[in-house]
Amino acid sequence: MLDFAGPDLLTVAIGLVCFALGAWLGTLFPDIDRFSIFHLRHRSIVTHSFLMPALLWAGWALTSVEWTGWLVTGFAAGVALHLAFDLFPGKWRGFALVDVPKLGRCTRSVSTFLLFSNLFLCVIISVSFFPEHGPAGVLAYTATLAALYTYGVWAKKEHYAAGPLMTILTLGGDAL
């Protein structure tokens, strides 16, 4: 049996729902650049990075509302999962390459480095919240990412799904 060390069950349940919602939104956020917002091209380094999770995390640090921490760390975990899938495109050309505004598309090796390093930073942000929440946080992280990963494989019909799974589990496990 899990010992939630303090918070009542309703607080934990709300936290888990907020984490799951944040993670779902995080998986969707990087592809907002498909809508030509701010004249960004698809797979822009602006949206495919740790920048938005870091900004949200900084904003959360200024508030005392507990559920926002669950939401923000879920968002960072979702972005990390999205970037893990982006690390394994069918072919490294065109939209698979990271775009840097005003500079254009990066090479395969630079794109891989940028995606991986930003994935790592998103994982760090997402697990920064868990020491305070012990098993409840670890359960939220594991269950939500497993559900989103399963959905990602099913929805995109990914045949190369082992790579993203091993990447996110390795980084997440090391950080926890």
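A crossing is left-handed if the near helix is turned anticlockwise from the far one by less than a right angle, and right-handed if it is turned clockwise. The model shown is a predicted one.

## α1 against α3

Helix α1 (residues 9–28) passes α3 in a right-handed crossing. The two axes come within 6 Å and cross at roughly 35°.

On the α1 side, the contact includes Ile14, Gly15, Cys18, Phe19, Gly22 and Gly26. Among the α3 residues that take part are Trp67, Trp70, Leu71, Gly74, Gly78 and His82. By class, this contact has 14 nonpolar and eight polar residues, with no charged ones.

## α2 against α3

Helix α3 (residues 66–86) also meets helix α2 (residues 51–61), and here the axes come within 9 Å and cross at roughly 170°. The pair is therefore roughly antiparallel, as angles over 145 degrees count as such.

From α2, the residues Met52, Pro53, Leu56, Trp57 and Trp60 reach Thr68, Gly69, Val72, Phe75, Ala76 and Val79 of α3. Nine of the residues in this contact are nonpolar, two are polar and none is charged.

## Two positive phi angles

Which phi does arginine 43 have, although it is not a glycine? Its phi is positive, about 65°. Arginine 43 lies in the loop between α1 and α2, and with 8% relative accessibility it counts as buried.

Lysine 102, not a glycine either, has a positive phi of about 75°. Lysine 102 sits in the loop between β1 (99–100) and β2 (104–105), and is exposed, with a relative accessible area of 86%.

Conventions
Residues numbered from 1 in each chain as written. Predicted model: local features only at pLDDT ≥ 70, side-chain atom pairs only at ≥ 80, totals over all residues. Heavy atoms only, no water. Axes fitted to C-alpha atoms, helices over the stretch in contact; angles between N-to-C directions. Helix = DSSP H or I, 4+ residues; strand = E, 2+ residues; numbered from the N terminus. Parallel < 35°, antiparallel > 145°, perpendicular 65-115°, else oblique. Contact = heavy atoms within 4.5 Å. Nonpolar A, V, L, I, M, F, W, Y, C, P; charged D, E, K, R; others polar. Buried < 20%, exposed > 50% of the residue type's maximum accessible area, 1.4 Å probe, protein only.
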